[in-house]
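Reader: I've got a model open and I'd like to learn how to read its features one at a time. Could you take me through it?

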Amino acid sequence: MIKLNLPQFQFKVTNIDGKTLIFDILRKKSVVLTPEEWVRQNFIHYLINYKNYPKSLMKLESGVKYNQLNNRYDILIYGRNGECCMLVECKAANVKITQKAFDQAARYNFSLKASHIIITNGLQHFCCRIDHDSKKAVFLNDIPDFDAIA
């Protein structure tokens with residue numbers, strides 16, 4: 001897999017029936033290692049090990065409904081109060097981050113109401129704080145530690 005703009009982590013990778021699998025510490029099972037999954041797993045480890053996000057407050061690839069359509073977000077992080085505080089949208093490293101990715105995350109966040117959104121392809125990371133009242137996003141220079149947003 002491609003080297004990302006994140007610290008390197010040790011992963012449990014196996015090959016079964018011609019498929020490469022990576023162990024997901026949140027779902028506690030091995031999942032197919034796609035380019036997007038590589039970014040997702042690295043970013044999860046980064047948030048846990050470098051930004052102090054608790055595993056117990058993270059949820060992966062779950063459904064969110066927007067305009068009667070069912071969609072799936074990549075990572076959702078809850079604050080200590082149980083409210084959504086961060087939505088993370090992951091793209092494969094070879095996928096350029098465009099306005100389309102921001103629009104996708106904004107659609108998901110319309111119902112989730114997370115206070116922060118991150119878009120990453122593992123090489124570039126964009127983080128913004130969302131003011132739902134004024135409907136504005138403020139881009140941040142760095143990804144905040146958990147204690148700063150929870």
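Reader: Is K135 buried or exposed?

Author: The general idea is a set of cut-offs on relative accessible area: buried is under 20%, exposed is over 50%, and partly exposed is in between, using a 1.4 Å probe and protein chains only. K135 comes out at 73% relative accessibility, so it counts as exposed. Keep in mind that this is a predicted model, where local features need pLDDT of at least 70, side-chain atom pairs count only at pLDDT 80 or more, and totals for chains, interfaces and linings use all residues. Residues are numbered from 1 along each chain as its sequence is written, and side-chain values use heavy atoms, with hydrogens and water left out.

Reader: Where does K135 sit, and what is its phi?

Author: Helices and strands here are DSSP runs numbered from the N terminus (H or I, at least four residues, for a helix; E, at least two, for a strand). K135 is in the loop between β10 and β11. Its phi is positive, about 60 degrees, although K135 is not a glycine.

Reader: What about K113?

Author: K113 also has a positive phi, near 65 degrees, and is a residue other than glycine. You'll find K113 in the loop between α2 and β9. With a relative accessibility of 45%, K113 counts as partly exposed.

Reader: How do I read a pocket, and which residues lie nearest the centre of the largest one?

Author: You start from a 1 Å grid over the protein atoms alone: a pocket is an open set of points with protein on both sides within 12 Å along at least five of seven lines, and lining residues have an atom within 4 Å of a point. In this model the largest pocket is lined by 18 residues, and A106, N109, I130, H132 and K135 lie nearest its centre. The elements giving two or more residues to that lining are α2 (99-112), β9 (116-120), β10 (125-131) and β11 (136-140). Helix α2 provides the largest share, 7 residues.

Reader: What volume does it have, and what is the lining made of?

Author: Volume is the space filled by probe spheres set on the grid points, which are joined across faces, edges and corners. For the largest pocket that gives about 360 Å³. The lining divides into 10 nonpolar, 3 polar and 5 charged residues.

Reader: Which residues does N42 touch?

Author: Contact means heavy atoms within 4.5 Å. N42 lies in helix α1 (residues 35-51) and counts as buried, at 4% relative accessibility. Leaving aside neighbours within four places in sequence, N42 is in contact with L4, L6, P7, F9 and F11.

Reader: Now zoom out: how many helices and strands are there?

Author: The chain has 3 helices and 11 strands, in the order β-β-β-α-β-β-β-β-β-α-β-β-β-α.

Conventions. On a 1 Å grid over the protein atoms alone, a cavity is a set of points where a 1.4 Å probe fits but cannot get out, and a pocket is an open set with protein on both sides within 12 Å along at least five of seven lines; lining residues have an atom within 4 Å of a point. Ala, Val, Leu, Ile, Met, Phe, Trp, Tyr, Cys and Pro count as nonpolar, Asp, Glu, Lys and Arg as charged, and the others, Gly among them, as polar.
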